Amino acid sequence: MKHLLSTLIAIFILSTAIKAQQRLDPKLMSFVPSQKPNSIYYKDTLYKGSKEFQYLFYKTLDKDLIGLYKKHQSNKVWGNIFTTIGTLATTVGVIMATSNNNDKTVGWITAGGGLACTITGGYLILQGQINLIKAVNLFNYKYAKTQVGIGVGNKQAGLVVNF
């Protein structure tokens, strides 16, 4: 009974902290964070991956958006390289440090360097996502505004609202 009560309390606490849905405003571009690949939702279309992001940002011809996209790509690529090298170095270092070798110092130095490299890779990947979020926010600030115009025709005047 004691375990059941503690389990129910834990489930309740976790369920209140988890947000399963993200509101997607159809008028704005929305960044949808996920493990792989990141996604952008814009005008009823889900864009996934760098090719689709490239199309989305390059069609604006905005240097700031393109720069943030390029930073995102660069951080993502270097982050994956650092993470892969760091994981391999950590594995090799731990194997060297726990083997029957006399010189375990080199193994621990390699493992520590690999761990630092893995952490750096994770940081770069996170910075890539931050640059993508910045690009989405910049796009919304510059291009996703409601525009109102007044048109005058033959004996008529009209109001045009562009969302």
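I began with asparagine 75 and found its place in helix α3, where helices (H or I, at least four residues) and strands (E, at least two) are DSSP runs numbered from the N terminus. I note that this is a predicted model, in which local features need pLDDT of at least 70 and side-chain atom pairs count only at pLDDT 80 or more, while totals for chains, interfaces and linings use all residues. Residues are numbered from 1 along each chain as its sequence is written, and side-chain values use heavy atoms, with hydrogens and water left out.

I looked up the accessibility of asparagine 75, which counts as buried because its relative accessibility is 16% (buried is under 20% relative accessible area, exposed over 50%, partly exposed in between, with a 1.4 Å probe and protein chains only). Leaving aside residues up to four places away in sequence, I listed Leu124, Ile125, Gln127, Gly128 and Asn131 as touching asparagine 75, contact being heavy atoms within 4.5 Å.

In α2 I found Phe53, Leu56 and Phe57 buried. They lie on the same side of α2, because they cover an arc of only 90° around the axis, taken from the directions from the helix axis to the C-beta atoms. Lys51 and Tyr55, on the other side of α2, are exposed.
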